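Load the model in your viewer and keep the sequence panel open. The stops below are given in the order in which to select them.

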Amino acid sequence: MSETPLRWSLDDIDFSRLEPAAAEPELLAAVKTAALVEANSADYVTYLHNVFHGDDAFCAAASHWGVEEAQHGAALARWAEAIDPTFDFAASLAHFRATYSLPLDTSTSVRGSRAGELLARCVVESGTCSYYSALRDHTREPVLRQICHHIAQDEAHHYRLFQQHYRRYPRPALHARLRIALGRVVETGDDEFGRAWYSANHAGAADAPVYDRAACAGRYQAIVTGLYGERHVRTVVHMIAQAVGARPGSRLARWIGTLGWWWLRRRGAASAAA
Ligand SMILES: [Fe+2]
Ligand SMILES: [Fe+2]
């Protein structure tokens, strides 16, 4: 357990303000899914410790990061169970862990280098920062707004943390940075979210359908995409462009922005179709 204090705790969340009638069913399903992914952070910590063995400063930072991500999962889970008492977070998490796992037996990054790993983490944190900001701005439920506000601030902090460590390592060539960053963006539709959606919203039910990755990941992505306004897209594009090393206002930054808009619209259409 890290000794660095957390910026907030579950005690700071005012559950007395809960307004169950204001909780949109689609957002509830998405929050259950996000709670599982966040709560599974211990596996990511193990993976990062394997990849960064010997880098004690980063390993300590990764341990603290994992505690904060686990708290995100705990807060979202408590909210989801308060809104929907039939939701069994512990059982859903156990099902998720039994059906999805990271490559924990590796000692090298799946991104090809430590810098590549840290760049990919920056992309993930820019995505989660914009997602929780969009969720906060979209929902009418006051407790979920408070939780998402705290989480979005943590995710922005995580982005800066990974960026700080990224700068300690030799920077990959531009084409490699673009491949890693854009590749990580596209991966947001991968098995992790599909499995989490299924475990959170179907597993254990008598009428549970057979797992369909495209349908489950697509359902989740359609809800997430629908939350994003122009401001959230601009934020995530700016963060990713900065992580890649594109100067603000440069042709590369504008190109990343155009590509980001195109991809988001395409993903929204594809998810709705799925
Ligand atoms: Fe998180
Ligand atoms: Fe994070």
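This is a predicted model: local features need pLDDT of at least 70, side-chain atom pairs count only at pLDDT 80 or more; totals for chains, interfaces and linings use all residues.

**Stop 1: α1 and α4**

Select residues 25–39, which form helix α1, and residues 89–99, which form helix α4. Their axes lie 10 Å apart and the helices pack at an angle of about 60°. An angle of that size makes α1 and α4 oblique to each other, and their crossing is right-handed. To see the contact, show Lys32, Ala35, Leu36 and Ala39 on α1, then Phe89, Ser92, Leu93 and Phe96 on α4. Coloured by class, the residues of this contact come out as 6 nonpolar, 1 polar and 1 charged.

**Stop 2: α5 and α6**

Next select residues 114–138 for helix α5 and residues 142–166 for helix α6. Look along the pair: the axes come within 8 Å and cross at roughly 160°. Since angles over 145 degrees count as roughly antiparallel, that is the relation of α5 to α6. The crossing of α5 and α6 is left-handed. By class, the contact between α5 and α6 holds 14 nonpolar, 7 polar and 5 charged residues.

**Stop 3: Tyr169**

Move on to Tyr169, in the loop between α6 and α7, the latter covering 174–186. Which residues does Tyr169 contact, leaving aside its neighbours within four places in sequence? Show Arg114, Ala115 and Leu118 to see these contacts. For a distance check, draw a line from the C-alpha of Tyr169 to that of Ala214: the two are 36 Å apart in space and 45 residues apart in sequence.

**Stop 4: α10**

Finally select helix α10, residues 230–244. The distance between its end C-alpha atoms is 21 Å. Now show the buried residues of α10, which are His232, Val236, Val237, Met239, Ile240, Ala241 and Ala243. Step just past the end of α10 to Gly245, where phi is positive, at about 105°.

Definitions and conventions
Residues are numbered from 1 along each chain as its sequence is written. Chains are lettered from A and ligands numbered from 1 in the order in which they are written. Axes are lines fitted to C-alpha atoms, for helices over the stretch in contact, and angles run from 0 to 180 degrees between N-to-C directions. Helices (H or I, at least four residues) and strands (E, at least two) are DSSP runs, numbered from the N terminus. Angles under 35 degrees count as roughly parallel, over 145 as roughly antiparallel, 65 to 115 as roughly perpendicular and the rest as oblique. A crossing is left-handed if the near helix is turned anticlockwise from the far one by less than a right angle, and right-handed if clockwise. Ala, Val, Leu, Ile, Met, Phe, Trp, Tyr, Cys and Pro count as nonpolar, Asp, Glu, Lys and Arg as charged, and the others, Gly among them, as polar. Two residues are in contact if their C-beta atoms, placed from the backbone, lie within 7 Å. The expected span of a helix is 1.5 Å times one less than its number of residues. A residue is buried if 20 or more other C-beta atoms lie within 10 Å of its own, exposed if 12 or fewer, and partly exposed in between; C-beta atoms are placed from the backbone.
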